[in-house]
Amino acid sequence: MNNIFTCKSDNLLINIYENRRKMGRAAAIDTASKIKELQSQQDEINMVFAAAPSQNEFLEELTNIQGIQWDRINAFHLDEYIGLPEDAPQRFGRYLHDRIFSKVPFKSVNYLNGNAEDIQAECERYGKLLKDNPIDIACIGIGENGHIAFNDPHVADFNDRFLVKKVDLDLKCRMQQVNDGCFTKLEDVPEYALTMTVPAIFSARFIFCIVPGKNKAAAVKSAVKGPISEECPASILRRHPNAVLYLDKDSASDLDKTKG
């Protein structure tokens, strides 16, 4: 899948495509290739998936690629709202079930429970799962405020001692959920969530970050061109040895593509 521009920012490889369909397909092809490579080297692999409209094309394409041995993959997800009804369509576990977890035969699917009676115990349970099953591949996005998972700038910690934690969501993050059409009004968006922390995501051996849309252009610019700091949590991707950022023309529109 030919891209229209490639560059690097520190360690981060950046591929820009004509539109989000081509971007999603390219990211899926690259991810599938890495899955197959790792499956030739080890019995099982562990993968993390993001739940957001930005991932729609990528997940659709990935589930249609032949030759992946899904029954040798343990699946995890990045984050989950706290307190949504079990049948709420906005639940991230529901999104991933509908988009990928129910479509291919994973060896295991490991859900974060945002309705657990003891939220701290749930964080510890999921953190132990991640410790026992080190992540090989993380498929993530970037939020309008520069977050990765629900690590908004005010709660992101590049040196977090936890793998999973409860966070409060900032206003920009919650408004994004309305802008994306996931909720009709701000008051409906939960104020708290569970999230994998920045170190948990960064621990993945390979990161594929899929970010389409004009509404992400400012965050992409901050992540790629700004300081590496918790003010834009996604900027940490520039320090990862094996991270690739997939953009469409809209999300890349604020970048100066004449410079690396």
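A residue counts as buried when its relative accessible area is under 20%, and as exposed when that value is over 50%. In this predicted model, His147 has a relative accessible area of 7% and is therefore buried.

**The loop between strand 7 and strand 8**

His147 belongs to the loop that runs between strand 7 and strand 8. Leaving aside neighbours within four places in sequence, His147 is in contact with Gly141, Ile142, Asp152, Cys173 and Pro233. Ala149 is placed in the loop between strand 7 (137-140) and strand 8, and Ala149 is buried, with a relative accessible area of 6%. The backbone of Ala149 has a positive phi of about 50°, although Ala149 is not a glycine. A positive phi in a residue that is not a glycine is also found at Asp10, where the value is about 55°; Asp10 lies in the loop between strand 1 (5-9) and strand 2 (12-17).

Lys165 lies in strand 8, which covers residues 164-168. Is this lysine, Lys165, buried or exposed? With a relative accessible area of 15%, Lys165 is buried, and its side chain makes a polar contact with the side chain of Asp160 at 2.6 Å. Not counting residues up to four places away in sequence, Lys165 touches Cys123, Asn151, Val155, Asp157, Asp160, Ala193, Leu194, Thr195 and Thr197.

Lys214, by contrast, is exposed, with a relative accessible area of 52%, and is found in the loop between strand 10 (206-211) and helix 7 (217-225). Once neighbours within four places in sequence are left aside, the contacts of Lys214 are with Asp250, Ser251, Ser253 and Asp254. Lys214 and Asp248 are 34 residues apart in sequence, and their C-alpha atoms are 8.8 Å apart in space.

| Residue | State | Relative accessible area |
|---|---|---|
| Lys165 | buried | 15% |
| Lys214 | exposed | 52% |
| Ala149 | buried | 6% |
| His147 | buried | 7% |

**Helix 2 and its partners**

Helix 1 (residues 20-39) and helix 2 (residues 56-64) pack with their axes 8 Å apart and at an angle of about 45°, which makes helix 1 oblique to helix 2. The crossing of helix 1 and helix 2 is right-handed. On the side of helix 1, the residues Arg20, Arg21, Gly24, Arg25, Ala27, Ala28, Thr31 and Ala32 meet Glu57, Phe58, Glu60, Glu61 and Leu62 of helix 2. The residues of this contact between helix 1 and helix 2 divide into five nonpolar, two polar and six charged.

Helix 2 also packs with helix 3 (residues 92-101), at an angle of about 40° and with the axes 9 Å apart, so that helix 2 is oblique to helix 3. Here Asn56, Leu59, Leu62 and Thr63 in helix 2 meet Tyr95, Leu96, Arg99 and Ile100 in helix 3, and the residues of the contact of helix 2 with helix 3 divide into five nonpolar, two polar and one charged.

Which residues of helix 2 are buried? They are Glu57, Phe58, Leu59, Glu61, Leu62 and Thr63, and the buried residues of helix 2 pack against helix 1, strand 3 (45-49), helix 3, strand 7 and strand 10.

**Helix 5 and its ends**

Helix 5 (residues 171-179) has Cys173, Arg174, Gln176, Gln177 and Val178 as buried residues, and the buried residues of this helix 5 pack against strand 5 (79-81). One of them, Cys173, is also among the contacts of His147. What caps the N-terminal end of helix 5? That end is capped by Asp170, of which a side-chain oxygen lies 3.2 Å from the backbone nitrogen of Lys172. Beyond its other end, helix 5 is followed by Gly181, whose phi is positive, near 85°.

Technical notes: Residues are numbered from 1 along each chain as its sequence is written. This is a predicted model: local features need pLDDT of at least 70, side-chain atom pairs count only at pLDDT 80 or more; totals for chains, interfaces and linings use all residues. Side-chain values use heavy atoms; hydrogens and water are left out. Helices (H or I, at least four residues) and strands (E, at least two) are DSSP runs, numbered from the N terminus. Buried means under 20% relative accessible area, exposed over 50%, partly exposed in between (1.4 Å probe, protein chains only). A polar contact is a pair of N or O atoms within 3.5 Å; within protein, one must be able to donate a hydrogen and the other to accept it, and residues adjacent in sequence count only if both atoms are side-chain atoms. Contact means heavy atoms within 4.5 Å. Axes are lines fitted to C-alpha atoms, for helices over the stretch in contact, and angles run from 0 to 180 degrees between N-to-C directions. Angles under 35 degrees count as roughly parallel, over 145 as roughly antiparallel, 65 to 115 as roughly perpendicular and the rest as oblique. A crossing is left-handed if the near helix is turned anticlockwise from the far one by less than a right angle, and right-handed if clockwise. Ala, Val, Leu, Ile, Met, Phe, Trp, Tyr, Cys and Pro count as nonpolar, Asp, Glu, Lys and Arg as charged, and the others, Gly among them, as polar.
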